[in-house]
Number of protein chains: 2
Amino acid sequence: MNFEEGKKQFIQTWGKLGSEWGINRTMAQVHALLLIAPKPLSTEEIMEELSISRGNANMNIRDLLGWNLVHKELVPGDRKEYFVAEKDIWEIAKRISRERKRREIEPVKSVLHQLQEVEGDRSKDEVKAFTDMMNQLGGFVDKMDKSVDIMLSSDQSWFFGMLLKLIK
Amino acid sequence: MNFEEGKKQFIQTWGKLGSEWGINRTMAQVHALLLIAPKPLSTEEIMEELSISRGNANMNIRDLLGWNLVHKELVPGDRKEYFVAEKDIWEIAKRISRERKRREIEPVKSVLHQLQEVEGDRSKDEVKAFTDMMNQLGGFVDKMDKSVDIMLSSDQSWFFGMLLKLIK
DNA sequence: CTAAACTTTCAATAATTACTGAAAATTCAA
DNA sequence: TTGAATTTTCAGTAATTATTGAAAGTTTAG
């Protein structure tokens, strides 16, 4: 496969993966493009490469900034903004984990803890099954949460080293 | 909060979490309902509880069967099918991990490996940046994949025990 | 067999989510 | 200041995804 085909396929694949995991396809494609760019890209260049409108490019770039996966870079003597992606994959994984934890896991955690205290006749099957499940889920989410905290304060080789040391 | 409110909120919350992670909201809601049900539910009961159509209920139940999160249960002397969810959260986590690995990670892994071998002038910045990124991503996905394998062959207390032993 | 009970399919439609493009807002060089 | 360059917003539209409901298919009791 040649470079141009490879590039196209990577952008497609990354976009598809994103959308399967609840991330806007175009945002993932902009991310893919920046991941393989050897230099900062302008909004114009992104629009051009992905054949998308200015508004769309702008919104998805802003979102990527919000996820801390991309940052602005100013070129002296140029009014335009340029964008660069974080290139270290472990750092990328951490930033995605940090945001998903903050935006999606923490709120669920808080709801589950509230739901552990519903009032109701505990002799009823329904209520018993409910509170049992809330306790189980609450405990699980807490452990997941702590695991993410550990990952966030680790470096890649230590983290995987520990985890993979245990292969049978 | 009383039981009925709690139930409603759990179904809502689980549905929202699902949709944020790329899973059909209704499928997640059916799952939530079955998670807290003290006994097998029929399609009728699911339609009723969630106010959804028969077709919708049927399709989402089939999907849950495909994820191995729910199984059929036959009641002797009754033509209807009843459905029960796996209730052990670690088992649930494993089954979700297994399916996402199979459906979404493995295909990406295979593409990334192909993309590590694009042909092109390696002295060009573009090509160098591309292959470097593909190598990094390929390595990372391999390690993730192995980590999931370990998780899939572990029990909950061992897995979290190992991971959480290391909190500072 | 037959027909009632039940499940599945799928074309039509609804709901949701994403995108466009042009106007408004902002920035900054002169 | 001014106005050209650039970014942002957002109403309208397009594309995607999910849902309905009725017809077709399947199963089983009698």
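**Chain A meets chain B**

The rule picks out 2 salt bridges across the interface of chain A and chain B, a salt bridge being a side-chain nitrogen of Lys or Arg within 4 Å of a carboxyl oxygen of Asp or Glu. Glu126(A) pairs with Lys7(B) in a salt bridge whose closest N and O atoms sit 3.8 Å apart. On the chain A side, α1 (3-20), α5 (89-115), α6 and α7 (156-164) each put at least two residues against chain B; helices here are DSSP runs (H or I, at least four residues), numbered from the N terminus. The largest share of that side, 15 residues, belongs to α6(A). By residue type, the side of chain A that touches chain B splits into 34 nonpolar, 10 polar and 13 charged.

This is a predicted model, in which local features need pLDDT of at least 70 and side-chain atom pairs count only at pLDDT 80 or more, while totals for chains, interfaces and linings use all residues. Residues are numbered from 1 along each chain, chains are lettered from A, and side-chain values use heavy atoms, with hydrogens and water left out.

As for the interface totals, 57 residues of chain A are in contact (heavy atoms within 4.5 Å) with 57 residues of chain B. Between them the two chains bury about 5600 Å², 76% of it on carbon and sulfur atoms; buried area is the accessible area (1.4 Å probe) lost on putting two parts together, summed over both.

Now to the largest pocket, with a volume of about 210 Å³. A pocket is an open set of points on a 1 Å grid where a 1.4 Å probe fits, with protein on both sides within 12 Å along at least five of seven lines, and lining residues have an atom within 4 Å of a point. Both partners of the salt bridge between Glu126(A) and Lys7(B) turn up in the lining, which also includes Asp125(A), Phe3(B) and Glu49(B). Helix α6 (125-152) of chain A, along with α1 (3-20) and α3 (43-50) of chain B, each give the lining at least two residues.

Conventions: Points joined across faces, edges and corners; volume = space filled by probe spheres on them. Nonpolar A, V, L, I, M, F, W, Y, C, P; charged D, E, K, R; others polar.
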